[in-house]
Amino acid sequence: MNWWSSNRLRLIQNNLREIDADMNVDLLMEELQEFQANVLMMNAGGIFAFYPSALEHQYVTPYLHTDLLQEAVSKAHALGMKFIARFDFSKAHESLFEAHPEWFYRDRYGQEVNYYGIVHTCLNGEYQQEKSIESIIEVLEKYPVDGIFFNMFGYQHWDYSGNHYGPCYCDNCRRRFQEICGAELLNYTGPLHELHTAYLHFQELTSREILSKIHHRVKSRWPDIAISTYHPHRVDIIRKESNTSLTRSLPLWQYSASENVASVVSSWDDKIVSNCSINAIDLTYRFTGVSPHETEIRLYQNIASGSGLDFCIIGAFEGYPDRKNFEVARDIFRYHAAHEHIYGSLTSMAEVILIKPKAPEAGTEYLGLFKMLKEAHVLFDVIVEDQITAMAHKLAAVKAVILPGLQRPHINTKETLDQLLKQGVALLATGNALRDDAEGLSDWFGAVHTGNTDMLPSAYLQVTDADRFPSVKDREWITVSGGFAHVQFDTAKTECCMPYIEPASFGPPERAYGHQVGESYGLGISHPANGGTAAYYTWNPGVLYYKHGFEDHKHAVMDVLARLTGESLVKNDLPASTELFLNRTEQGHVLLQLLNLSGFNGTTYFEAIPLYNRTIEFRDIGVPVRAYSLCSSENIPMNIEGNKVRLTIPELKRYEAIVLEMDHAPKKEVN
């Protein structure tokens with residue numbers, strides 16, 4: 001087992017500035033001990049080296065007077081911590097550009113991007129292809145680091161101020177694009193161009209090639225070194241970030257850490273995820289942190305979803321002007337340290353799997369469904385689209401698989417999904433899924449896309465079927481907008497639901513009438529010849545719920561999903577603003593985690609509003625001998641009737657973790 005395999009990281013990243021080369025390392029170690037951190041990530045090389053490099057291409061910060069890297073590594077190890085060396089090869093000092101301009105990014109007009117003396121490099125240039133690996137090897141040969149991390153890996157089309165420059169058109173990129181795609185890169189103009197699919201393939205292939213090269217060069221000599229970046233190929237730790245931006249459009253995404261972790265945990269069996277809570281509110285304001293309540297939510301979501309802890313600030317703790325988040329982060333780090341034997345090896349008890357589509361245009365549909373499932377307290381995992389076949393064993397273990405906006409799945413993916421239907425796993429598709437795959441659309445859902453999409457406002461869907469849509473009682477119509485696809489269902493094997501109410505005049509008020517029931521439907525529920533049940537939505541409930549939050553759209557999906565999955569493993573009277581997590585522990589117990597997201601008003605995070613005497617009922621989880629809180633060590637009232645276990649939670653502030661101790665597992669003494 002590798003050192004990271006236990007999945008119990010408590011990582012602090014000090015993202016150093018060049019002037020931090022003379023930092024007080026002893027003071028840093030004292031701070032890290034206050035957090036009970038077990039991993040330190042700190043700068044090693046790339047844009048600036050924080051060690052006396054002997055390499056001509058490695059620019060050393062002029063503020064370095066000792067060997068900062070050596071001191072930090074040795075003192076971290078002396079305290080029992082692991083050390084991950086941070087590199088950033090996406091840019092380099094302008095002096096290197098003057099000596100080797102062929103290593104650097106060029107826009108369509110042959111211009112470099114020089115951002116205050118730091119110049120963008122190119123993934124296909126010699127600097128990233130060879131010199132970066134020389135820098136890594138130099139560090140690994142000189143210092144006993146435990147891992148390496150690459151910041152801003154891949155193709156960078158923007159600078160730090162958000163200015164967009166587009167793809168790199170340097171000679172190296174043009175040559176590789178011609179070799180891989182058989183086309184001239186200069187002809188490519190952006191996402192709407194006919195070469196866009198080819199360009200995405202080019203990006204992915206070349207990114208994987210260099211990651212494979214790094215993996216081979218590192219692991220052949222240092223197999224115990226953890227490799228980490230944001231791309232999943234040939235890495236051990238997939239890095240994610242929960243961050244904010246002042247230019248990011250609303251709504252704020254409350255589930256950032258939960259989604260970041262969930263999309264990795266179930267998608268790979270040989271990797272872990274470390275989701276970093278970025279302290280700063282924006283790149284442009286690195287010295288002011290987000291609300292402590294937001295930091296609290298992110299860190300609890302990390303451990304509840306199956307990750308360790310990861311927290312980052314710019315520079316050192318000493319002199320950092322905003323210390324407000326430090327206390328809450330320290331408390332959660334200490335909690336994790338006290339109970340790390342529980343975390344790290346949690347086993348899923350999910351009943352549903354939500355597929356994360358690779359098409360960017362399907363992202364909002366996916367996020368909307370993620371939010372619906374969280375609020376409905378459905379036990380679900382996430383698997384990324386490219387890992388469907390590899391994770392077929394996990395998909396086969398649930399009751400339903402949700403496919404938001406999945407357009408043209410790979411042939412192996414289709415075979416896997418087809419097999420799941422035969423095994424009785426229900427499929428539910430939304431977001432005009434499979435529009436580009438007529439065969440899958442017909443075979444699974446008995447549907448044919450007519451090619452017509454209605455973008456007009458003032459359209460509705462009829463939901464008068466109270467048996468199928470009990471949660472929209474007393475409301476006959478629900479709104480639909482943003483793209484309704486007209487689909488013909490095979491009525492011999494598909495039940496047509498949600499008749500489409502065609503758009504009509506909505507103004508002036510005197511003319512707001514004329515709606516008629518059309519021939520199309522918003523939902524078809526089919527029973528394919530090879531078995532199973534498949535539900536197909538011809539519209540975008542996820543997009544509408546993510547953007548507008550009307551519960552109609554959530555109920556229209558969750559009511560149908562409930563019929564597909566049958567009686568749930570867990571019932572509760574928790575509000576929708578509470579996240580619920582349920583897992584088996586390595587010791588054979590059941591771990592219930594609750595995260596109270598109340599106190600959020602849409603733009604501001606406040607203290608959570610406490611909940612009292614909430615009830616949670618479990619079915620067929622085994623026979624627990626007792627339940628106790630990890631947070632308070634107190635026993636939790638429990639009632640057992642047959643195959644059902646009912647807990648009463650006396651109080652839920654922000655977070656609670658309850659162990660249901662099973663009679664076949666070793667018992668734990670409560671102090």
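Residues are numbered from 1 along each chain as its sequence is written. In this predicted model, local features need pLDDT of at least 70, side-chain atom pairs count only at pLDDT 80 or more, totals for chains, interfaces and linings use all residues, and side-chain values use heavy atoms, without hydrogens and water.

Student: How are the planes of Y51 and Y143 arranged?
Tutor: Phe, Tyr and Trp rings (for Trp the six-membered ring) pair if their centres lie within 6.5 Å; planes under 30 degrees apart are stacked, over 60 edge-to-face, the rest tilted. The centres of Y51 and Y143 are 5.7 Å apart, and their planes stand at 75 degrees, so the pair is edge-to-face.

Student: How many residues apart are Y51 and Y143?
Tutor: The pair links distant parts of the chain. Y51 is in the loop between β2 and α2, and Y143 is in the loop between α4 and β7. Helices (H or I, at least four residues) and strands (E, at least two) are DSSP runs, numbered from the N terminus. The separation is 92 residues.

Student: Are F89 and Y127 buried or exposed?
Tutor: These two form an edge-to-face pair, 6.2 Å centre to centre, with 70 degrees between the planes. Buried means under 20% relative accessible area, exposed over 50%, partly exposed in between (1.4 Å probe, protein chains only). Both F89 and Y127 are buried.

Student: Which ring lies under the charged end of R239?
Tutor: A charge sits over a ring if NZ of Lys or CZ of Arg is within 6 Å of the ring centre and within 35 degrees of the ring normal. For R239 the distance to the centre is 4.9 Å, and the ring belongs to F149.
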